[in-house]
Amino acid sequence: MQPILEIDDLRKSYADGFEALKSVSLTINSGEIVALLGPNGAGKTTLISTVCGITQPTSGQVRIGGFDTLRDFRAARALVGLVPQEINLEPFERVINTVRFSRGLFGKSRDDTKLEQILRQLSLWDKRDTQIRALSGGMKRRVLIAKALAHEPQLLFLDEPTAGVDVELRKDMWNIVAGLKASGVTIVLTTHYIEEAEAIADRIGVIAKGEMLLIEEKMQLMRRMGQKQLDVQLSSAVNDIPARLAKYNLLLSNDGLTLTYTYDTRAARTGITKLLSDVSEAGLVLRDVATRQSSLEDIFVDLVHAEEEIA
Amino acid sequence: MNIHAVKAIFMFEMARFFRTLAQSLISPVLSTSLYFVVFGAAIGSRIDQVEGVSYGAFIVPGLIMLSVITQAISNASFGIYFPKFIGTTYELFSAPVNFLEIVAGYAGAAATKALLIGLIILGTSFLFVEVSIAHPLAMITFLVLTCISFSLMGFIIGIWAGSFEQLQLVPLLVVTPLVFLGGAFYSITMLPPVWQVISLFNPVVYLISGFRWSFFDTSDLPVVLSLFAIGGFTLLCLAVIGWIFKTGWRLRQ
């Protein structure tokens, strides 16, 4: 796999001392979809802005397609498309003109066949001569994507593409992203919707307070998420876990009333049946059982909180 | 050099000009024509010749300068202020362009608009007064340089402005007085000596003087001085813009 984006020890701090990015390193391969998850103010937009040249880094290096974003800024930037979070468009301009403008701005000669293809892909072709102010919010966001794609970039940044968008439009956006991936574009998107990252990303990165806390294959994360917990509530409290149950690695709650068993839902045998019969054979009386699944959300919240505690 | 980008910005800006033709072209031409009617044809016929030229003809170069300067500034300042206002500058900063290309696109379009308006006003003036052009090449040179330099100045104003009010402020409070007191309607030799000296600090005096020379072969100040003044002003504006892009002043958060 060829890396399309290499970020090395990227830092950004402001004059007032605020560190928006603290040593971020990241490699993104050609053809993948990476979702950057993080709470508001985590540094997601700063990271994207710095890669795209809107914000100047304090130190560190960014290479796009092997080109340094400062030294070879023309070659590097020509490979990148950016869809910003805010819908900022010239209200009186027509769709086709604003998309044509973007293509030229990024150094490509006029090619109306290509633009037609992009506008059709985004279901905007029928609206090509419409003034932007007459479009709905969802359509405007598509125009932003069309502008970002106009110069046929290899790497596309989508900054919170579904912020403030209803469920249907969000699904719509996911389909668009899948379509773009199929056409060979590498996509980096930021979101704070975990289900969004789950639905469309190949890899998921978690960013908080200007640091990349983790970046992992989605499947690997899902496997971690695949862990389930079974809480066995007892009628009367016990002091210790009976020897018969030692092999299950149970956790006993402080009040002695709950035993917690962790298992993998994907395993051929979860061991639940055996555990429950062993529990009754050990002479314990069940009051209730309940299962819990740790979600990406839990992992995310844990990570972010752990970070806050260290800080 | 990203020629496609310069062209894209230029065409985009010119499209706005043609879309709003009534406001961008007809209104400045109309209002200048009113000056020709009032000062040239009506009152002008009762005023003596100035420097050997009829008053109606004498004010033509100054009036063209007044329109060209105003238009260059307002077009260029709006051209960059509007994207800043609606937040589309992200695209400029993430594009493979340097500041000279951005400026060439925006200021180039504003200068072209101003030049078109200047030429149309010049054509209109022939309808009202008798004007002859002694040095056509110098006339065009002065006109083009003025369009360019004040478009650059407008570009700076557009970046500086934080609101639409501020966008109007400099043209209204600084440029209009400088042009009116810059000898658009009189020769500075007609002023009392003290005011003649004070006038020399007004850069527009050099422009109008040089421009008028290209029409009537007479001027208040040496033509070379006028050329130096406008050349220096252009370089100064370019240097300021270079500094703005280097530091990101008023452009980046």
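A residue counts as buried here if 20 or more other C-beta atoms lie within 10 Å of its own, as exposed if 12 or fewer do, and as partly exposed in between, with the C-beta atoms placed from the backbone. By that criterion, 47% of the 253 residues of chain B are buried.

The model is a predicted one, in which local features need pLDDT of at least 70 and side-chain atom pairs count only at pLDDT 80 or more, while totals for chains, interfaces and linings use all residues. Residues are numbered from 1 along each chain as its sequence is written, and chains are lettered from A and ligands numbered from 1 in the order in which they are written.

**Chain B as a whole**

Chain B has 10 helices and 0 strands. The C-alpha trace of chain B spans about 60 × 35 × 35 Å along its principal axes. Its radius of gyration, taken over C-alpha atoms, is to be set against a globule rule of 2.2 Å times the number of residues to the power 0.38. For chain B the radius of gyration is 19 Å, close to the 18 Å that the rule gives for 253 residues, so the chain is as compact as a globular protein of that length.

Contacts in this tour are pairs of residues whose C-beta atoms, placed from the backbone, lie within 7 Å. Of the contacts in chain B with a separation of 6 or more, 82% are between residues 24 or more positions apart.

**Two residues of chain B**

Next, select Pro171(B), which is placed in helix α7 (residues 164-184) of chain B. Pro171(B) counts as buried because it has 20 C-beta neighbours inside 10 Å. If neighbours within four places in sequence are left aside, Pro171(B) is in contact with Thr70(B), Ile73(B), Ser74(B) and Thr176(B).

Then move to Asp217(B), in the loop between α9 (203-216) and α10 (223-247) of chain B. The phi angle of Asp217(B) is near 65°, a positive value in a residue other than glycine, and with 15 C-beta neighbours inside 10 Å the residue counts as partly exposed.

**Where the chains meet**

Now show both chains: 19 residues of chain B are in contact with 23 residues of chain A. On the side of chain B that touches chain A, the elements giving two or more residues are α1 (3-19) and α4 (89-94) of chain B, and the largest share, 7 residues, comes from α1(B). If Ala, Val, Leu, Ile, Met, Phe, Trp, Tyr, Cys and Pro are counted as nonpolar, Asp, Glu, Lys and Arg as charged, and the others, Gly among them, as polar, this side of chain B divides into 11 nonpolar, 5 polar and 3 charged residues.

**A buried strand in chain A**

In chain A, select strand β7 (residues 155-159), of which 5 of the 5 residues are buried, so the strand is largely enclosed by the rest of the structure. Leu155(A), Phe157(A) and Asp159(A) point one way from β7(A), whereas Leu156(A) and Leu158(A) point the other way.

Strands are taken to pair if DSSP finds at least two bridges between them. Strand β6 (residues 80-83) of chain A runs parallel to β7(A) and is joined to it by 4 bridges, with Leu82(A) having Phe157(A) as its bridge partner in β7(A). Strand β8 (residues 186-191) of chain A also pairs with β7(A) in the parallel sense, over 5 bridges, and the partner of Asp159(A) in β8(A) is Thr190(A).

**An antiparallel sheet**

Finally, select the open sheet of 4 strands in chain A, whose order is β12-β13-β11-β14 with antiparallel pairing. Its edge strands, each pairing on one side only, are β12 (251-252) and β14 (286-293) of chain A. Between β12(A) and strand β13 (residues 258-264) of chain A there are 2 bridges, and Leu251(A) has Thr260(A) as its bridge partner in β13(A).

The last stop is Asn249(A), in the loop between β11 (227-234) and β12 of chain A. Its phi is near 55°, a positive value in a residue other than glycine, and Asn249(A), with 11 C-beta neighbours inside 10 Å, counts as exposed.
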